[in-house]
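The plan is to look things up one by one and jot down what turns up.

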Amino acid sequence: NYQARNFMRDDMREGDAVLFYASNAEPSGVTGLATIARAGYPDHFSWTKGHKYFEDESHEHAPVWYMVDVAFVERFPETVPLDTLKAAKGLEKMPVTQKGSRLSVQPCTKAEYDIVCRLGREQRKHAESTHA
């Protein structure tokens with residue numbers, strides 16, 4: 001998707017915080033945190049003939065696709081489900097909570113990030129208190 005590519009190429013910087021969203025999980029939702037370990041750079045797999053991501057129109061001198069490297073930061077004890085995100089105060093404008101939003105890479109504000117972190121970490125406190 002070109003919009004996701006543009007976010008990776010133009011907006012993501014080393015050290016930026018990442019919410020890791022598992023869209024193919026049941027339930028879909030945020031499973032943890034990561035950080036951008038390397039800012040956007042050309043996707044070299046798109047130049048490799050025979051690779052499943054090969055793109056005939058992408059070349060080293062004129063890349064079409066970009067990627068970022070992410071590094072693990074924290075795993076939430078439970079997925080913060082999309083339904084929880086949609087119901088959370090302060091996340092009403094977050095792109096992932098919008099009807100029809102299917103983009104795999106989306107920006108979020110610091111305030112939205114902090115709310116999702118709180119939701120994920122509250123689960124840890126709940127899990128620890130029920131096992132004590």
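**Charges.** I started with the charges: the protein chain has 17 positive and 19 negative ones, and their mean positions are 4 Å apart. For this I counted Lys and Arg as positive and Asp and Glu as negative, leaving out His and the chain ends. I placed each charge at NZ of Lys, CZ of Arg, CG of Asp or CD of Glu.

**Ground rules.** I note that this is a predicted model, where local features need pLDDT of at least 70 and side-chain atom pairs count only at pLDDT 80 or more, while totals for chains, interfaces and linings use all residues. Residues are numbered from 1 along each chain as its sequence is written, and side-chain values use heavy atoms, with hydrogens and water left out.

**Overall layout.** I find three helices and three strands in the protein chain, in the order α-β-β-β-α-α from the N terminus. Both kinds are DSSP runs numbered from the N terminus (helices are H or I with at least four residues, strands are E with at least two). The C-alpha trace spans about 55 × 30 × 25 Å along its principal axes.

**Surface.** I get an accessible surface of about 8900 Å² for the protein chain, 51% of it on carbon and sulfur atoms. That area is from the Shrake-Rupley method with a 1.4 Å probe; for residues, only the protein chains shown count as cover. Of the 132 residues, 33% count as buried. My cut-offs are under 20% relative accessible area for buried, over 50% for exposed, and partly exposed in between (1.4 Å probe, protein chains only).

**Contacts.** Of the contacts with a separation of 6 or more, 63% are between residues 24 or more positions apart. A contact here means heavy atoms within 4.5 Å.

**A cis bond.** I looked at the peptide bond between Glu26 and Pro27: it is cis, with omega about 5 degrees. Pro27 sits in the loop between S1 and S2.

**Met8.** I went to helix H1 for Met8. Is Met8 buried or exposed? Met8 counts as buried because its relative accessibility is 16%. Beyond its neighbours within four places in sequence, Met8 contacts Gly40, Tyr66, Met67, Val68 and Val105. Val68 is 60 residues away along the chain, yet the two C-alpha atoms are 6.3 Å apart.

**Phe76 and Arg75.** I checked two residues of strand S3, Phe76 and Arg75. Phe76 counts as buried because it has 2% relative accessibility, whereas Arg75, at 62%, counts as exposed. Arg75 and Gly32 are 43 residues apart along the chain, and their C-alpha atoms are separated by 4.2 Å. Phe76 and Met12 are 64 residues apart in sequence, and there the C-alpha distance is 23 Å.

**Arg121.** I found Arg121 in helix H3, residues 110-130. At 35% relative accessibility, Arg121 counts as partly exposed. Leaving aside neighbours within four places in sequence, its contacts are Leu33, Glu74 and Phe76. From Arg121 to Phe76 I read 6.6 Å between C-alpha atoms, across 45 residues of sequence.

**Pocket.** Last stop: the largest pocket is lined by 34 residues, and Leu19, Tyr21, Ser104, Val105 and Gln106 lie nearest its centre. Two or more lining residues come from each of H1 (2-11), S1 (17-22), S2 (29-42), S3 (66-81) and H2 (82-87). S1 gives the largest share, five residues.

Note on methods
1 Å grid on protein atoms, 1.4 Å probe; cavity = no way out; pocket = protein on both sides within 12 Å on 5 of 7 lines; lining within 4 Å.
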